[in-house]
Amino acid sequence: MIQFDRRNLVKAGLSLSLLGGLGAPRLLARTTFARDPFTLGIASGEPWPDGFVIWTRLAPEPQTPDGGMPPHDVPLRWEVAEDPGFRKIVRTGAAVADAALAHSVHVEVDGLRPHRPYWYRFLVAGAGASPIGTARTAPAAGASLDRLRLAMLGCQDFETGFFTAYAHVAREPDLDAVFHYGDYIYEMAARTEPSPRKHLGAETYTLDAYRRRYAQYKADPDLQAAHAAVAFIMSFDDHEIDDNWAGEFDKDGNPPEIFAHRKAAALQAWYEHVPVRRAQRPGANGAHAYRRLDYGTLARMHVLDTRSSRSDQLCERPGLPRAELDACVPVDRPERTMLGAVQEHWLDQGLANGARWNFIAQQVLFMPYDARKDGATTPIVGKDNWNGYPLSRQRLVDSVARRGLTNVVIGSGDLHQHVVGSVPRDAQDVGGPAIATEFLATSISSGGTGGLHYAGETQTLDNNPNVALLNNQRGYQLFTVTPDSWLAEVKVMDQVDRPGGAISTLATFAVDPKQPGLQPG
């Protein structure tokens, strides 16, 4: 255990000069670390024209309840440079690893130049420097932009596969940012069946348990490499808290006041481990997870929260057999919602803009989709995505139509498959004219290596004329956005059940900002 003693600050190699400018005095931890405190790596996120968030968490013993840290705040410094060798440092400052937030650090760096790469690192007395990360600022407001490069990914179940896809993301050239649609961790206990890796501990319910689960995931070297290579734009879905939770309700039928404690612990742990701004800190006054990021006049990115204000799912209840769930047909009501009234209004207002593209970055399948298996005659409607909330979906479709937009691209996840298709203007005519285009990215590891299709889904496209591609391999999607085209590359892994998987491009698609729907890539 690290001891804390102010006198040792003077003796440490980096000394008090490293810690200057901290303001009001605090009790400080002794600065001699027996182990590297940067075991969970570093990360950046939320690129704005003048800066971004940089993150780390000090945890020399990440699987212990306190991370191997004393129960006191720890000072450190940060540096941002224009070169990876830190010969030209342009911003530096002091920060505190807050004991109440698991000694995590969120620095909102500003004062940088727009649309250029920077390198950053942290320094702590007695341990030296962290690994070096890089991030790129967004272009200036109103600036013309020739190209934007985004990756979209999520669903990273530690047990069912290795995170090798992240090693490939780290090597992708010229990425501006990564959109992570959610399921950064999985909350369940270790499975009894064989799997490539195992969760440590039981199912997560407490703050300490969620912290240790994040520590297990964030220790993965491929995940750390991707975070060090590019800024992430983070959202959350269900497994950060509890499978298929919705608003005040969990999947087990517990009273909302009981679930509220678990949800609060889980969302605090999420904030402690991802590079987001204080405005996204759960529980803070006025904070919420949805927000916008602009890339000059080329694209506006609307990051949604499809969990926190959602009405409870119809048909789902504890212990319901799968066959009964599939057979149940939800009967929607106008008051039911996926986003909540406030977020719906915020999104409607935000769609009124002059950007060349509107990217709605969210968590779950949006387009109408019939999930029946081969040979079945009765359609199956998803209950935990927008298909279970058709009136809420229609309100968003009507908002796009009312504003006359042809440039809407929707990004999604959750299904552990690649799904690419068009959102019809009329949900009863799925093969009819499109109002938007949807790209749903597969998982990083959830579902295991997989193959071209799930069993019983070789004829699924026959029931979904609006869908152009369905694939059950792991991977991610890459978007190259220009004023005249949204080019999507569907990336797939050959295997994830052991390290060293190879990546390849399965398909490419293009979208014209003047004509919603897919074109050949």
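Figure 1. The buried residues of α7 pack against β12 (291-295), β13 (299-303), β14 (357-361) and α8. They are Gln343, Trp346, Leu347, Asp348 and Gly350. Buried means a relative accessible area under 20%, exposed means over 50%, and partly exposed lies in between, with a 1.4 Å probe and protein chains only. Helices (H or I, at least four residues) and strands (E, at least two) are DSSP runs, numbered from the N terminus. Residues are numbered from 1 along each chain as its sequence is written. The model is predicted, with local features requiring pLDDT of at least 70 and side-chain atom pairs counted only at pLDDT 80 or more, while totals for chains, interfaces and linings use all residues; side-chain values use heavy atoms, without hydrogens and water.

Figure 2. Axes are lines fitted to C-alpha atoms, for helices over the stretch in contact, and angles run from 0 to 180 degrees between N-to-C directions. α7 passes α8 in a right-handed crossing. A crossing is right-handed if the near helix is turned clockwise from the far one by less than a right angle, and left-handed if anticlockwise. Glu344, Leu347 and Asp348 of α7 make the contact with Ser392, Arg395, Leu396, Ser399 and Arg402 of α8, where contact means heavy atoms within 4.5 Å. By class, these residues are 2 nonpolar, 2 polar and 4 charged. Ala, Val, Leu, Ile, Met, Phe, Trp, Tyr, Cys and Pro count as nonpolar, Asp, Glu, Lys and Arg as charged, and the others, Gly among them, as polar.

**Figure 3. Contact of α2 (164-171) with helix α4 (residues 221-229).** The axes of α2 and α4 are 7 Å apart, at an angle of about 25°. That makes α2 roughly parallel to α4. The crossing of α2 past α4 is left-handed. On the α2 side the contact is made by Thr164, Tyr166, Ala167, Val169 and Ala170, and on the α4 side by Asp222, Leu223, Ala225, Ala226 and Ala229. The residues of this contact divide into 8 nonpolar, 1 polar and 1 charged.

**Figure 4. Contact of helix α3 (residues 207-218) with α5.** The axes of α3 and α5 come within 8 Å, crossing at roughly 35°, and α3 passes α5 in a right-handed crossing. From α3, Leu207, Tyr210, Arg211, Tyr214 and Lys218 meet α5 residues Arg262, Ala265, Ala266, Gln268, Ala269, Trp270, Glu272 and His273. The contact has 7 nonpolar, 2 polar and 4 charged residues.

**Figure 5. The largest nonpolar core and the surroundings of Phe479.** A nonpolar core is a set of buried Ala, Val, Leu, Ile, Met, Phe, Trp, Tyr and Cys residues joined through side-chain atoms within 4.5 Å. The largest one has 71 residues, of which Phe359, Phe439, Phe479 and Trp486 touch the most other members. Helix α5 (residues 256-273) supplies the largest share of this core, 7 residues. Leaving aside neighbours within four places in sequence, Phe479 is in contact with Leu148, Arg149, Leu150, Met152, Phe359, Phe439, Trp486, Leu487 and Ala488. Another core, of 28 residues, lies apart from the largest one and includes Met338, Trp346, Tyr369 and Leu470.

**Figure 6. Leu470 in strand β19.** Leu470 counts as buried, at 5% relative accessibility. Not counting residues up to four places away in sequence, Leu470 touches Tyr369, Gln417, His418, Val419, Leu452, His453, Glu457, Thr460 and Leu461. Gln519 is 49 residues from Leu470 along the chain, and their C-alpha atoms are separated by 16 Å.

**Figure 7. Loop residues Cys155, Asp414 and Ala455.** Cys155 lies in the loop between β9 (148-153) and α2, with a positive phi near 55°; at 0% relative accessibility, Cys155 is buried. Asp414, in the loop between β15 (408-412) and β16 (418-424), has a positive phi near 85°. The relative accessible area of Asp414 is 15%, which counts as buried. Ala455, in the loop between β18 (450-451) and β19 (467-473), is exposed, with a relative accessible area of 71%. Ala455 and Lys373 are 82 residues apart in sequence and 8.4 Å apart in space, C-alpha to C-alpha.

How values were computed. Angles under 35 degrees count as roughly parallel, over 145 as roughly antiparallel, 65 to 115 as roughly perpendicular and the rest as oblique.
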